[in-house]
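Subject: The structure we talked about

Hi there,

Here is the structure I promised to pass on. Have a look at it first, and then read on for what turned up.

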Amino acid sequence: MSTLEATALDELVDTARYPLADPDGAEGRALTARARHELDTLGCTVLPDFVRPALRDTLREECADLAPRAYYDVETVNVYNTSVDADLPADHPGRTTFERGNAFVARDHIPAEALISRLYRHEAFRTFVARCFGLPGLYELADPLAGLVLNVVAPGREHPWHFDTNEFTVSMLTQEAEAGGAFEYCPNIRSAKDEHFDDVRDVLAGRGERLIRRLPLHTGDLQLFKGRYSLHRVSPVGGGTARHSAIFAYSERPGVIGSVARTRQLFGRVLPEHLAAAEGRAVRGDELLD
C-alpha cells in the first residue's frame, strides 16, 4: 500500500484499533481471527466505531442528505423472498407475509468523495472483509446502481424477518432511529440441508424469543453478517428519525451486474448495462427453499 493510500485510510478508520494497513501483523491477524470466529459461531461480528468518532457527524450528515433520493416501494413478502402465492402447506412459514417498506439510494446518487464511497473502494478495506469471511478475495460490483447503496427505513416501517440469498453482507449504520430499528437475528436457525421450519414458525408467531439475539448498533459501527442461514430483521422504526445504513456489496468474481427484474425492484429503473448483461441463474451450494 502506498503512503498516500495509507494516509487516506488512516483519516477514515481508527487504524490503531483496526490495523487494516498491516493485516499480517500480530494485531491484524488477531482482529481477523476474532471476526472469523464470531462469523463461524454466531453468523455475525460488529466492529464498533470503525469510522473514526470525529467523523461520526459527517458520516450521518452526508448520508442524511442522500436519503431523499431513495427509491421507495412497499411489497408483500415472506421470509424466503419467494412468491407469496406459492402452493405451500397450511402451516408452512412461507405462508406468513409481511409488508416490506424500506428503500434504497442507488450507487450513482452517492458522490465519490463521500466517506462511504471512499471506504467501499479502498483495497485494504476490501481485503480485510475478504479475510474475515475466509475468502481469497473480493471485487466491487460492476453494477452502476448496486454495489454501494444506502438503505433507508422510515418511521413506521421495518425490514421484516427474512433470509438473505447472498452468503454474506457488509453494512454500516450511519443514522440511528429515534426509537426501534433494532437489528435482530437468529444465529444459524437453519442449515444448508435443513430448513428447521418449526423454529422459523416459532419466531414468526412470537414464540421464538429463545432463538433471537439483538445487536446494539451505533453510527459508524461496521457489521459483517452471514444472513443465508440466520433469520433476521430490522424491527419497526418509531419516532421521527429514519434508520440509515450503508450496504457495501462485493462479489467473489469480477464483473457482476444485477438482473433486470431485481434491479427494477430495488431502484425503480434499469440502465443499458443491465439490459446488456446476461441474467443467468445463480448456482447454489445448498438445498434450501430460496
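Predicted model: local features only at pLDDT ≥ 70, side-chain atom pairs only at ≥ 80, totals over all residues.

Strands β11 (residues 183-186) and β14 (residues 231-234) run antiparallel to each other and pair over 4 bridges. They belong to an open sheet of 4 strands, arranged in the order β8-β14-β11-β12 with antiparallel pairing. The edges are taken by β8 (159-162) and β12 (213-215); each has a single partner strand, so one side of each has no neighbour in the sheet. On average, neighbouring strands here are turned by 15° against each other, direction ignored. As background, strands in a sheet pair through backbone hydrogen bonds, in either a parallel or an antiparallel way.

Helix α6 (residues 197-204) lies across β8, β11 and β14, and runs at about 20° to β14.

**Charged pairs**

The whole structure contains 21 salt bridges, and here are some of them.

Two involve helix α6. Arginine 201 and aspartate 198 meet through their side chains at 2.7 Å, N to O. These two residues are 3 apart in α6, which means about one helical turn separates them. Arginine 201 is partly exposed, at 22% relative accessible area, whereas aspartate 198 is exposed, at 52%.

Aspartate 199 has a salt bridge of its own, with arginine 210, where the closest N and O atoms are 3.4 Å apart. This pair links distant parts of the chain, since aspartate 199 sits in helix α6 and arginine 210 in the loop between α6 and β12, 11 residues apart. Aspartate 199 counts as partly exposed at 23% relative accessibility, while arginine 210 is exposed, with a relative accessible area of 56%. Elsewhere, salt bridges with shared partners join Glu158, Glu184, Glu209, Arg214 and Arg233 into one network.

Another salt bridge brings together the side chains of arginine 107 and glutamate 140, at 2.8 Å from N to O. Arginine 107 is in the loop between β5 and α4, and glutamate 140 is in strand β6 (residues 139-140), so the pair ties together parts that lie 33 residues apart in sequence. Glutamate 140 is partly exposed, with a relative accessible area of 24%.

Which residues of helix α3 (residues 56-66) are buried? They are Leu59, Cys63 and Leu66. Looking down the axis of α3, these buried residues fall within an arc of 50°, so they line one face of the helix. They pack against β5 (103-105), α4 (115-121), β7 (148-153), β9 (169-175) and β16 (243-248).

Helix α5 (residues 123-132) has 7 of its 10 residues buried, so the rest of the structure largely encloses it. The buried ones are Ala124, Phe125, Arg126, Phe128, Val129, Ala130 and Cys132. Just after α5 comes glycine 134, with a positive phi of about 70°.

In soluble globular proteins, nonpolar side chains tend to be buried together. Here the largest nonpolar core has 54 residues, and those with the most contacts inside it are Phe50, Ile116, Phe125, Phe128, Val170, Leu222 and Phe248. Helix α5 gives the most to this core, with 6 residues. Not counting residues up to four places away in sequence, phenylalanine 50 touches several others, including Leu119, Phe125, Phe128, Met172 and Leu222. Apart from this core lies another, of 13 residues, among them Val77, Trp161, Ile189 and Val200.

Glycine 239 is in the loop between β15 (237-238) and β16. What is glycine 239 in contact with, leaving aside its neighbours within four places in sequence? The list is Pro155, Glu178 and Ala179.

Definitions and conventions:
Residues numbered from 1 in each chain as written. Heavy atoms only, no water. Buried < 20%, exposed > 50% of the residue type's maximum accessible area, 1.4 Å probe, protein only. Arc of directions from axis to C-beta. Contact = heavy atoms within 4.5 Å. Pairing = 2+ DSSP bridges. Axes fitted to C-alpha atoms, helices over the stretch in contact; angles between N-to-C directions. Salt bridge = Lys/Arg side-chain N within 4 Å of Asp/Glu carboxyl O. Core = buried A, V, L, I, M, F, W, Y, C linked by side-chain atoms within 4.5 Å.
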